[in-house]
Amino acid sequence: MQAALHGEVFDLLHEDFGCVAECFASPLNCRWGRFCSAADLDAEFGSLGSFFDFRPESGSFEANPPFDPGLVSDMAAHMDELLLHAKKISSALCFVVVIPSWKDQACWKALRASPFRRGLLELPQASHGYCEGGQHYRKGRYRLANHDSTVFFLQSPAAEEVWPVSDTKLRRLAAAFRAKS
């Protein structure tokens with residue numbers, strides 16, 4: 001029942017930041033054919049396995065993880081480890097992470113303090129939304145967010161050259177996040 005990003009957001013992440021796979025999805029809510037998931041049986045449907053076993057050396061990935069502070073902390077540590085390796089081998093690796101603006105939580109602080117953070121976009125609750133996880137039995141497909149959200153851009157130095165974060169791209173992304181009717 002997790003709220004998913006709008007199709008417009010996925011399209012923009014692909015266009016502006018080269019994202020081609022999701023770090024947390026299932027066969028029922030993935031946008032692209034490549035995704036990491038929690039269930040082993042999802043491999044039959046294109047899953048790359050658990051994100052925590054995923055070891056990309058290059059590429060650009062979107063992460064909208066389950067909103068659990070412990071899991072988000074583990075994710076942040078894993079991403080920093082992968083990005084450090086990518087830096088050592090001069091490879092372009094990028095993660096675009098969407099989580100609630102939990103500014104008092106260690107997981108949010110870890111993402112903000114990451115040496116690989118190249119950008120940050122704050123989305124006020126009233127100005128963005130998601131696709132409804134239970135859209136098959138709800139009135140509408142989209143819903144307003146329940147909270148402020150933060151989008152973090154974590155990149156190796158080589159990825160910063162390939163997919164630079166700019167004010168123009170951040171404005172375009174904020175517009176794509178706006179709740180649909």
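User: Hi! Which residues point one way from β7, and which the other way?

Analyst: Hello! In this predicted model, S149, V151, F153 and Q155 point one way from β7, while T150, F152 and L154 point the other way. Each of these is buried.

User: Nice. What does β7 pair with on the β3 side, and how do the two run?

Analyst: β3 and β7 run antiparallel and are joined by 7 bridges. Within that pairing, V97 sits opposite F152 of β7.

User: And how many bridges join β4 to β7?

Analyst: There are 6, and β4 (residues 117-123) is also antiparallel to β7. Here L121 faces V151 of β7.

User: Switching to packing: which residues touch the most other members of the largest nonpolar core?

Analyst: Those are F51, M75, M79, F95, V97 and L111, out of 27 residues in that core. Two or more residues come from each of β2 (59-63), α2, β3, α3 (106-113) and β7 (149-155). α2 gives the most, with 7 residues.

User: What about the second core?

Analyst: That one is separate and has 22 residues, including C94, V98, V151 and L173.

User: Back to F95: what is it in contact with, sequence neighbours aside?

Analyst: Beyond four places in sequence, F95 is in contact with C23, F51, P56, F61, M79, L82, L83, F152, F153 and L154.

User: Last one: is S90 buried or exposed?

Analyst: S90 counts as exposed because its relative accessible area is 62%, above the 50% cut-off. It lies in the loop between α2 (69-88) and β3 (93-100). Its C-alpha atom is 9.1 Å from that of A159, although the two residues are 69 apart along the chain.

Key. Residues numbered from 1 in each chain as written. Predicted model: local features only at pLDDT ≥ 70, side-chain atom pairs only at ≥ 80, totals over all residues. Heavy atoms only, no water. Helix = DSSP H or I, 4+ residues; strand = E, 2+ residues; numbered from the N terminus. Buried < 20%, exposed > 50% of the residue type's maximum accessible area, 1.4 Å probe, protein only. Core = buried A, V, L, I, M, F, W, Y, C linked by side-chain atoms within 4.5 Å. Contact = heavy atoms within 4.5 Å. Pairing = 2+ DSSP bridges.
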